[in-house]
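Work through the following exercises with the sequence and the model at hand. Each task is followed by a solution in steps.

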Amino acid sequence: MKNFILVCAGTACESSKADDIYKNFLAEIEKHGLKDDAQVIKTGCFGFCEKGPIVKILPDEAFYVEVKPSDAKEMVEEHIIKGRFVKRLLYAGDEVGDKENFEASDIQFYKKQYRIALRNCGFIDAENIEEYIARDGYEALAKCIFEMTPDQVIEELKVSGLRGRGGAGFPTWMKWNFAKNAEADQKYILCNADEGDPGAYMDRSILEGDPNSVLEAMAIAGYAVGASKGIIYIRAEYPLAIHRLGIAINQSYERGLIGQNIFGSKFNFDIEVRLGAGAFVCGEETALIKSIEGNRGMPTPKPPFPAIEGLWGKPTIINNVETFANVPAIILKGGKWHTTIGTKGSPGTKVFALTGKINNSGLVEVPMGTTLRDVVFDIGGGIRDNKKFLAVQTGGPSGGVITEKDLDTPIDFDSLVAMGSMMGSGGMIVMNEDDCIIDVAKFYMDFCVEESCGKCSPCRIGTKKLYQYLDKISKGSAVEEDIKKMEDISNAMKLASLCELGKTAANPVLSTLNHFKDEYLKHIVDKKCRSGKCKDLVSFVVNDKCIGCTACKRKCPVDCISGEKKELHVIDQTKCIKCGECVAACKFKAIDKI
Amino acid sequence: MAKMSLEDLRKMKDEKKKILDRREVGENDIVIRIGMATCGIAAGAKKTMEALFDEIEKQGLNETTIKQSGCMGYCDKGEPTVEVKVPGMPDTIYGAVNEDFARRIIKEHCVQRKLVDGGHIFDRPSRDILKE
Amino acid sequence: MKTVEVKINGQSVQADAAGSILDAAKLAGTKIPILCAHPDLTAWGACGICIVKIEGNPRLVRACTTKVVPGQNYITHDPEIQKIRKTVIELILSNHPQECLTCARNQACELQKLATDFCIREVPYDTNIMDLPKDTSTESVILDPVKCVQCGRCALVCQSLQDVWALEFLERGEKTRLAPSADVLLDESPCIKCGQCAAHCPVGAIYEKDETDKFLAAVLAKNTHVSVQIAPAIRVALGEAFGMKPGSIVTGKIYAALRKLGADSVFDTNFGADLTVMEEGSEFVEKFLNRKGDLPQLTSCCPAWTDYMEKYYPDMIPHFSTAKSPMMMQGAMAKTYFAQQKNLDPKDIYSVAIMPCTAKKFEIRRSSDMNSSGAPDVDLVLTTRELGRLIKMAGIDFENLADEKADSPIGLYTGAGTIFGVTGGVMEAALRTAYKLVAGEELKNVEINPVRGTDGVKKGVIDIKGTAVKVAAAHGMINVKSILEEIREAKKTGKPMPYDFVEVMACYGGCIAGGGQPYETDDKVRAARTAGLYTDDAKSQLRCSHLNPEILHIYEKFLGKPCSDKAHKYLHTHYQKRPVYKK
């Protein structure tokens, strides 16, 4: 087969002579008359910039790192002509001992990933159940029905240590066991697809890429607890996921994989889809139940827990999409297998939606216990534009920030809580030095203010007050005492709110106060914002480098710059809107942002 | 459609597995898979797919199958994502495939049998839990 | 009741096994502060003030919604809990207008009391007061969403106790606000004006429309004869406004106070109730004996119920007694018969009714039938609470007033009239007279126990000399539905009607717990007021309406006989189907 020489031409590699490498390869191929045997192409970033420039040769999957332009000659003569790897340039990762058998794809984006929940996403046609079946689909359900008792199914989950992927990480088997032991004429299996954290889209992607895995898992849950009805509560903002779910449900009904007498057995399980209007609080399980029942989506006190008294007062299991997506794999491969992945307290994997100031944002699934450094710097390819890392926000509005010092802590449910954040549904937003921590806290608090259901006073009023204090801080009008007040409010919210969303709604404030108190004080006392995000704390001042070219004056949208030609210009601070246009227009670095 | 028994399920699995693993495909069979999750569609995957269809017809590649799948995770720079499997070529995932690039994939990758220069080429996960 | 042993701050107590920590604490004599919880309602845990600790558990729980678990020790007060409670109250205050002095609930406000108890001297946080208009669209209650603390009591009352669904919360987060359903005006909503929302509101967000000024103006006006009537339930509740025990019978003091306030004539709605028995009882007997008209007959004294029926069950109109309520009959007689007797021009009479009810304010204008005398039969309705304020304003030493009597010829009442104020009372009063009409002799034991008591629906079969009369009495609108559905079902299937006569009162407990009664009405207060009315009845020399000499006179001199044309002109009305939403 023909060889393909891929030369990374990403920004980082480009700057380290990728172009010369490319040209040298072309010349070598030309020289040896290999035009028909090898093709040289420039590609985008492989996301492994610290080892750049990178050259990859296909179909051998040889992955060469730190390649110099002068290496092109040897690589063509050895690899292309003689078919031998150039060993000194081959990448040797920590876990990859055998260089020659090393596959390039073990590096970069996928290297540290391990896909259980996402096992089929991007591989199969989500609208064709047969492809799911080809990937062992519904085999786990068959195994449960024909080879396992409900108790054994729950036992398998218990062994697996699977914890709910939707937030707090409650052991899944326990929920199932409560519901199984509850006596009732009807029980329900609910799938929570009301994914609402800012920046999170794990569940949507699973439903769009592999809806049948969720249907199968719900049926397994139904078998385990003795429920014959399943409802998927999904936000109406996910039209494609809803469409694919609909197709999957139809196809599985047609084949008798859900419905009456599944596989000819006595087990019946029906599934329907309910659309939610997208209120964040409806992801809270008791509010979700209220919403399905046709009421205003407001949480109710627990106990009673839904597993005992849920939808229409009947025992109800609520798991989120990702939790369900793990279940068929666990049943097929065994609970024990699952415990070999991840950490002791949190076995398995977690899907994260990696976004923010990062090179490779995307959907990643990693074993629990992976460090944030691995996620951010290896999988995520590091901070965009080579800026300095500031923090990672996990757990959405219920979570908190994780800073440099915790980058090497293995992340799982418990370690995140110990760091003052939480797993949440898996949003992971990376911030760099351009971000202002007050601004970040404000963003989340604004979200909480909008999305508080309004039922309990600590959350309804507390979120608003916290937002107002943050706003004051960002405008330079807060006083030091306000921090104390914010702590009092946060504490009351934490202890007196009704539901988990309310109890954790102050986390963005508590966590940033904890890690970045100096930034708070800098804003409050010095009236300065390090990043310049808080516009009220920034001013633009002309320094003595100004030659009076009037470039800034002409650019200013509010005409707040005065000064004649060849005279020092002055910016009227009372009119300035801090747009920064003047700085961009000045060729003499004569305007300081202070 | 008839309801499936366990035997039916197993039979279908075996048959489809061969196709999915490309063990039973012809010399000229080309499979193109395009990521059609919300992120892909938002990035223009529908237009990309139309361009693929159009170009396949123009080039007369009768043995080509186009399939859609979900998100592969390359949300930022990778969408729309197109995976191309051509016999005799390494399986390749192209990222950020716009209409022009889609036509080039058909013309260059599928017809001329060379990788398309100037695009993002991505990797797929190396581990598949179902095959372990 | 199954009990379990739990501890409140270390002190053992035998608590109701199905009860909450709040209930258990009450038994232990410990007061946990609350704002959203109310004994009439299923607790839903909104305000966050009743938080307590369970020993050994780091999380705080709500005492109102958390069921007791045997053996647990609950810490209800410690400095940490008190600090959090105080912060929560401060947060609530920071969203609440500081207008206590001009608020309808000044000194009767539960939030004010909490602020006092927690020594709050300033609100430490920036205030956010909503900018929303008052809803003054109904005659009965005023809705001031700005003062709302989002405790949810009103919506719970309206939805789960009254089944009316006129109030709900709209929007979410900090914008969450109390509003009529579908965000229309209250008057356009399904509201039946029962006023239970106002009776349960802990603050001044919903309150009766105060019309005391109109009374004062009427008294001042020259050539105006102010004629006042008082409803049955007033006499056992007004005393509470002056620190007297619930259920204290203060009829004579009210008459005296009204005269001091400037009333020219003082009558008793109980007379109107006796008149109602004559009309409604005769109407029933006619239908029952001659099978003319639709049975069961449904009582119509309660305007909130009437409004509910017209909106939600208009198919019941043929079953409704056409007899007006006692108040409207009393008003009509004041402006006709009484005016005639005293040579007064009806135009010069200003007819005032003191009612335990906010719906009565609406009733006087509900149709042109309410102007049978040629002018409004009742010009003004004041609630018990408003009368209390008038008496205080006038500096009257209410407790020490000497008892007086009502004026003649429409002031004398029987025990039957007085029990109109309690659930089952209208039925009982009507049966006492119906018995006479059917059997031709007096009922020996006039106390009809099957229709007494606090069950939401009371059913019984009354034997009138071998004829069985199937009766039911329902109170609290949520309890009415089952009976109405039974009637609907029987009509649809042609099966025998389950009832002959049904009494409905919109408020749980009847008028003694009406929406205009003194605050802090709970089951204990209901029981005391009920006992007061039954005592008033038991003490009466005359206990059947048809034995009231003034009633006999009025028929003799003015109305002819019950259900005569003249009686129909003044004492009966019509009903019509109304849309649930006006728009």
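**Exercise 1. Confidence**

Among the elements of chain B, which has the lowest mean pLDDT and which the highest?

Solution. Begin with the kind of model: this one is predicted. Next, go through the elements of chain B. β5(B) comes out lowest, with a mean pLDDT of 73. At the other end is helix α3 (residues 45-59) of chain B, with a mean of 91. Then take the chain as a whole: the average pLDDT of chain B is 82, and 89% of its residues score at least 70. For chain C the average is 95, and 100% of the residues score at least 70. Where pLDDT is low, the coordinates should not be read in detail.

**Exercise 2. Chain pairs**

Determine which chains touch and which pair shares the most contacts.

Solution. Count a contact when the C-beta atoms of two residues, placed from the backbone, lie within 7 Å. Two pairs of chains are in contact, and chains A and B share the most contacts. Now check chain B against chain C: they do not touch, and 28 Å separates their nearest C-alpha atoms.

**Exercise 3. The side of chain B that touches chain A**

Solution. First count the residues: 43 of chain B are in contact with 56 of chain A. Then assign the residues of chain B to elements. At least two residues each come from α1 (6-20), α2 (38-42), β2 (64-69) and β5 (120-122) of chain B. The most come from α1(B), which gives seven residues. Last, sort this side of chain B by class: 18 residues are nonpolar, 13 polar and twelve charged. Recall from the first exercise that β5(B), one of the contributing elements, has the lowest mean pLDDT among the elements of chain B.

**Exercise 4. The build of chain A**

Solution. Start with the elements: chain A has 24 helices and 17 strands. Along the principal axes, its C-alpha trace spans about 90 × 75 × 40 Å. Of the 594 residues in chain A, 59% are buried. For the contacts, take those in chain A between residues at least 6 apart in sequence; 71% of them join residues at least 24 apart. The domain assignment of chain A then gives domain 1 (3-107), domain 2 (129-337), domain 3 (349-432), domain 4 (437-526) and domain 5 (539-593). Finally, the C-alpha centres of domains 3 and 5 of chain A are 40 Å apart.

Technical notes: Residues are numbered from 1 along each chain as its sequence is written. Chains are lettered from A and ligands numbered from 1 in the order in which they are written. This is a predicted model: local features need pLDDT of at least 70, side-chain atom pairs count only at pLDDT 80 or more; totals for chains, interfaces and linings use all residues. Helices (H or I, at least four residues) and strands (E, at least two) are DSSP runs, numbered from the N terminus. Ala, Val, Leu, Ile, Met, Phe, Trp, Tyr, Cys and Pro count as nonpolar, Asp, Glu, Lys and Arg as charged, and the others, Gly among them, as polar. A residue is buried if 20 or more other C-beta atoms lie within 10 Å of its own, exposed if 12 or fewer, and partly exposed in between; C-beta atoms are placed from the backbone. Domain bounds come from an automatic or database domain assignment. pLDDT is the predictor's confidence in each residue, from 0 to 100.
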